[in-house]
Amino acid sequence: MNFASKTVDGFNQPNTITTLTGNVVATQGTMKVTGDVAKLYLDADTQIARILVTGKMAHIEQLDDAGNLMQGDADTLDYDNVNGIAVLIGNAVVRQQGRGEFHGDKLTYNTNTALITGQAGGDGLVHGVILPKAKPGAPAATPAKPAPAPASTAPTKPATQPTGNP
């Protein structure tokens with residue numbers, strides 16, 4: 001995992017917690033996590049087992065196996081790096097490119113299977129939008145063709161034939 005932050009406090013030792021503070025950005029493969037404070041929980045093999053992100057909208061994004069972008073925002077993000085489970089708590093939103101989006105007080109997203117579950121607090125509701133699947137045979141958008149090269153406007157000389165005179 002790569003990370004950047006204003007401050008870091010921790011050890012690269014088994015079973016420890018490293019705290020990153022200020023404009024945190026952590027990446028691993030296609031996953032990117034951002035927030036104000038992140039705690040990286042290292043396991044017995046000094047691998048990142050869990051990331052807990054808080055402050056100024058914790059954010060996660062990742063490409064799925066089909067290349068579609070999943071994005072999530074919440075007050076708190078608790079990501080289980082071993083099992084690929086992201087739990088978003090407080091003003092949670094998960095957007096799945098081409099599939100839809102969900103809003104709730106607590107959303108749990110499995111980054112391996114794209115399964116999402118949601119809960120509302122108090123009298124609130126979980127809200128969602130599920131987009132219809134693209135119809136088979138529908139024409140795919142084609143990229144714009146490049147403009148043809150402009151014709152040369154330079155005058156051309158007529159070809160001269162060699163003459164037998166020296």
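Which side chains meet in a salt bridge at 2.8 Å, N to O? Select Asp78 and Arg50 to see that pair. A salt bridge here is a side-chain nitrogen of Lys or Arg within 4 Å of a carboxyl oxygen of Asp or Glu. Asp78 lies in strand 6 and Arg50 in strand 5, so the pair ties together parts that are 28 residues apart in sequence.

Some ground rules come before the next stop. This is a predicted model, in which local features need pLDDT of at least 70 and side-chain atom pairs count only at pLDDT 80 or more, while totals for chains, interfaces and linings use all residues. Residues are numbered from 1 along each chain as its sequence is written, and side-chain values use heavy atoms, with hydrogens and water left out.

**The whole chain**

Colour the model by secondary structure. The protein has 0 helices and 10 strands. Helices (H or I, at least four residues) and strands (E, at least two) are DSSP runs, numbered from the N terminus. Of the 166 residues, 28% are buried; buried means under 20% relative accessible area, exposed over 50%, and partly exposed in between, with a 1.4 Å probe and protein chains only. The protein exposes about 11200 Å², of which carbon and sulfur atoms supply 55%; these areas come from the Shrake-Rupley method with a 1.4 Å probe, and for residues only the protein chains shown count as cover. Among contacts between residues at least 6 apart in sequence, 32% join residues at least 24 apart; a contact means heavy atoms within 4.5 Å.

**Strands 6, 7 and 8**

Select 69-80, which is strand 6, together with 85-96, which is strand 7. These two strands run antiparallel and are joined by 9 bridges; strands are said to pair if DSSP finds at least two bridges between them. One place to check is Met70, whose bridge partner in strand 7 is Gln96. Strand 6 and strand 7 form a hairpin with 4 residues between them, and Gly84 in the turn has a positive phi of about 70 degrees.

Strand 7 pairs with strand 8 in the antiparallel sense over 10 bridges, and Leu88 has Leu107 as its bridge partner in strand 8. This is also a hairpin, with 3 residues between the strands; Gly98 in the turn has a positive phi of about 75 degrees.

**The other salt bridge**

By the rule above, the count comes to 2 salt bridges. Asp73 lies in strand 6 and Arg95 in strand 7, so the pair ties together parts that are 22 residues apart in sequence. Asp73 counts as buried at 15% relative accessibility, whereas Arg95 counts as partly exposed at 30%. Back at the opening pair, Asp78 is partly exposed with a relative accessible area of 22%, and Arg50 is partly exposed at 30%.

**The nonpolar core**

Select Ile51, Val53, Ile60, Leu77, Leu88 and Val94. Of the 25 residues in the largest nonpolar core, these touch the most other members. Such a core is a set of buried Ala, Val, Leu, Ile, Met, Phe, Trp, Tyr and Cys residues joined through side-chain atoms within 4.5 Å. In soluble globular proteins, nonpolar side chains tend to be buried together.

Stay on Val94. Leaving aside its neighbours within four places in sequence, Val94 is in contact with residues including Met70, Leu88, Phe102, Leu107, Tyr109 and Ile116.

**Two loop residues**

Select Asn81, in the loop between strand 6 and strand 7. The Asn81 side chain makes a polar contact with the side chain of Gln28 at 3.3 Å. A polar contact is a pair of N or O atoms within 3.5 Å; within protein, one must be able to donate a hydrogen and the other to accept it, and residues adjacent in sequence count only if both atoms are side-chain atoms. Beyond four places in sequence, the contacts of Asn81 also include Arg50.

Next, select Thr111, in the loop between strand 8 and strand 9 (116-119). Thr111 is buried, with a relative accessible area of 16%.

Finish at Asn15 and Asn23. Most residues other than glycine have a negative phi. Phi of Asn15 is near 55 degrees, and that of Asn23 is near 50 degrees. Asn15 lies in the loop between strand 2 (7-9) and strand 3, while Asn23 is found in strand 3. Asn15 counts as exposed at 58% relative accessibility, and Asn23 counts as exposed at 53%.
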